[in-house]
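Here's a quick tour of the model you're about to see. Have a viewer open and follow along.

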Amino acid sequence: MPSSGDGRDVLATQLLPDDESMGGASAAPPRTRWLIAGCVILLLSSNHWARDSLGALEVPMEAPGPFALSVVQYNALTAGYFVPNIVVPLLAGGFAQQFGPANAIVLFCFFAALGNGLVALSALVWSYPLLFIGRSCMGLA
């Protein structure tokens, strides 16, 4: 394996930059890294659960009742989530490079929380438009 001249592998140097290449900032302590990783895992798990939970609710949401959705309305909720996912991953990489990964995570956490909050609110006020907007915001995360 090629060496950088100071005893480190070139590949390891590219994958694991030193503190100087990170703007002089020291690395976060391991406990902080584990906490951040745990929060990201919780966020992703929650958002994916919220995405998939709609499938289990198809029959009750299409049954006569407060929502009584048509098949088209129900499918629009799924599309409202997935259509933003066509473009957002492409833009998210550029955003993370331009503004930093931490800012990207905060932005997408905001959209996930906003979307889940709007979905919960839509259940309280029985509003399909609010439900659709909430699902679309979740799709941005």
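What covers the buried residues of helix 2? The answer comes below, after a word on the ground rules.

## Ground rules

This is a predicted model, so to speak plainly about cut-offs: local features need pLDDT of at least 70, side-chain atom pairs count only at pLDDT 80 or more, and totals for chains, interfaces and linings use all residues. Residues are numbered from 1 along each chain as its sequence is written, and side-chain values use heavy atoms, with hydrogens and water left out.

## The overall picture

The chain has seven helices and zero strands, where helices (H or I, at least four residues) and strands (E, at least two) are DSSP runs numbered from the N terminus. Along the sequence that reads α-α-α-α-α-α-α.

Of the 141 residues, 22% count as buried; buried means under 20% relative accessible area, exposed over 50%, and partly exposed in between, with a 1.4 Å probe and protein chains only. Take the contacts (heavy atoms within 4.5 Å) with a separation of 6 or more: residues 24 or more positions apart account for 52% of them.

## Helix 2 and its cover

Back to the opening question: the cover over the buried residues of helix 2 includes helix 3 (58–62), helix 4 (71–82), helix 6 and helix 7. The buried residues in helix 2 are N47, A50, S53 and L54. Helix 2 itself has 27 residues and reaches 39 Å from its first C-alpha to its last, close to the 39 Å expected at 1.5 Å a residue. That expected span is 1.5 Å times one less than the number of residues.

L43 also sits in helix 2 (residues 30–56). With a relative accessible area of 23%, L43 is partly exposed. Not counting residues up to four places away in sequence, L43 touches C109 and A112. L43 and A141 are 98 residues apart in sequence, yet their C-alpha atoms are 9.8 Å apart in space.

## Helix 6 against helix 7

How do the axes of helix 6 (residues 101–125) and helix 7 (residues 128–140) cross, and at roughly what angle? They come within 7 Å and cross at roughly 160°, which makes helix 6 roughly antiparallel to helix 7. Axes here are lines fitted to C-alpha atoms, for helices over the stretch in contact, and angles run from 0 to 180 degrees between N-to-C directions. Angles under 35 degrees count as roughly parallel, over 145 as roughly antiparallel, 65 to 115 as roughly perpendicular and the rest as oblique.

On the helix 6 side, the residues that meet helix 7 include F108, F111, A112 and L114; on the helix 7 side, L130, L131 and R135 are among them. The residues of this contact divide into 14 nonpolar, four polar and one charged.

S122 is in helix 6 and is buried, with a relative accessible area of 1%. Leaving aside neighbours within four places in sequence, S122 is in contact with F67, S127, L130 and L131.

S127 lies in the loop between helix 6 and helix 7 and counts as buried at 19% relative accessibility. Most residues other than glycine have a negative phi.

Conventions: Nonpolar A, V, L, I, M, F, W, Y, C, P; charged D, E, K, R; others polar.
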